[in-house]
Amino acid sequence: MLSNRLRLQAEELRVIRGGKEVLKGITFAVAIGEVYGLLGGNGAGKSTTLLTFLGFLDLAGGNARVNDALVSEDVVAARRSIAYLPESASLYEHLNARENLRYFLGLAGSAGDDESMEAALDRVALPAEARDRRLADYSKGMRQKVAIALAILRNTDTLLLDEPTSGLDPTAIDEFHDLVRTLADDGKTVLMVTHDVYGACQVADRIGLLRDGRLVGEFSAPAGGRIDTEAVHRAFSSREAV
Ligand SMILES: Nc1ncnc2c1ncn2[C@@H]1O[C@H](COP(=O)(O)OP(=O)(O)O)[C@@H](O)[C@H]1O
Ligand SMILES: [Mg+2]
């Protein structure tokens, strides 16, 4: 069930990086239990948008809110409720899956007990035989599973995913999207950055199209259905406003 309560809100967000305005006043919101796909080409401002919710960037204007609170006023609360999967790996290659979970949970101030760690690794379907192998031997899809297991164990209400499926094979992408869907159905809020039109349409309830720092269109899935891939593709490829 979708609630109307909003978990993430960008209100006329403006960000300047390297002297250039890279977000030019973008407004969107993501509700509890919703998967929002932020779609756009390279340099459109997708990763920058995620960073504003984590309070890593100064705003030149507008607001970012997490659970109704301004990130600029309580960055600790914002970060506590968010699990962030950056574009490049954030886990330790020389540790195995269990060791990574234990280490990062410790940093987040919670001790992971063995039983809940195994349950989280079961939920993301990381093969049992892989759990004691160093991540250096993992495929990207397996690393993503460990990162999601960590998010599950931290029990944050919001996931920010930056290009989580780039470099995954089609089967791993489907599996990843299924997992994201079940997390949202459990009430998590997911903001997923991607340049993959098909993947975004497969998993998202809504898609925002970002172009050159502006949100130029939004697409919603019809009740019980999926977002129209063709329409999004046309908008993505066109230089016109949607
Ligand atoms: N650390 C940085 N310093 C200065 N400019 C940056 C930095 N990171 C990104 N940018 C610029 O901000 C714009 C948006 O980048 P980004 O949000 O990473 O785009 P996307 O994730 O959509 O590819 C780009 O023009 C990029 O060059
Ligand atoms: Mg990016």
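In this predicted model, Arg-206 lies opposite Ser-220, a residue of strand E10. The two strands concerned are E9, residues 206-211, and E10, residues 214-220; they run antiparallel and are joined by six bridges. Together E9 and E10 form a hairpin with two residues between the strands. Asp-212 in this hairpin adopts a positive phi near 50°.

Strand E7 covers residues 158-162 and helix H6 covers residues 170-185, and Glu-163 sits in the loop between them. Glu-163 is buried but makes no salt bridge. The nearest side chain of opposite charge belongs to Lys-46, at 4.0 Å. Lys-46 is also one of the contacts of Glu-163 once neighbours within four places in sequence are set aside; the others are Glu-87, Lys-140, Val-193, Thr-194 and His-195.

Thr-165 is placed in the loop between E7 and H6 as well. Thr-165 counts as buried because its relative accessibility is 6%, and the cut-off for buried is under 20%. With residues up to four places away in sequence left out, Thr-165 touches Ile-173, Phe-176 and His-177.

Note on methods. Residues are numbered from 1 along each chain as its sequence is written. Chains are lettered from A and ligands numbered from 1 in the order in which they are written. This is a predicted model: local features need pLDDT of at least 70, side-chain atom pairs count only at pLDDT 80 or more; totals for chains, interfaces and linings use all residues. Side-chain values use heavy atoms; hydrogens and water are left out. Helices (H or I, at least four residues) and strands (E, at least two) are DSSP runs, numbered from the N terminus. Buried means under 20% relative accessible area, exposed over 50%, partly exposed in between (1.4 Å probe, protein chains only). Lys and Arg count as positive and Asp and Glu as negative; His and the chain ends are not counted. Contact means heavy atoms within 4.5 Å. Two strands pair if DSSP finds at least two bridges between them.
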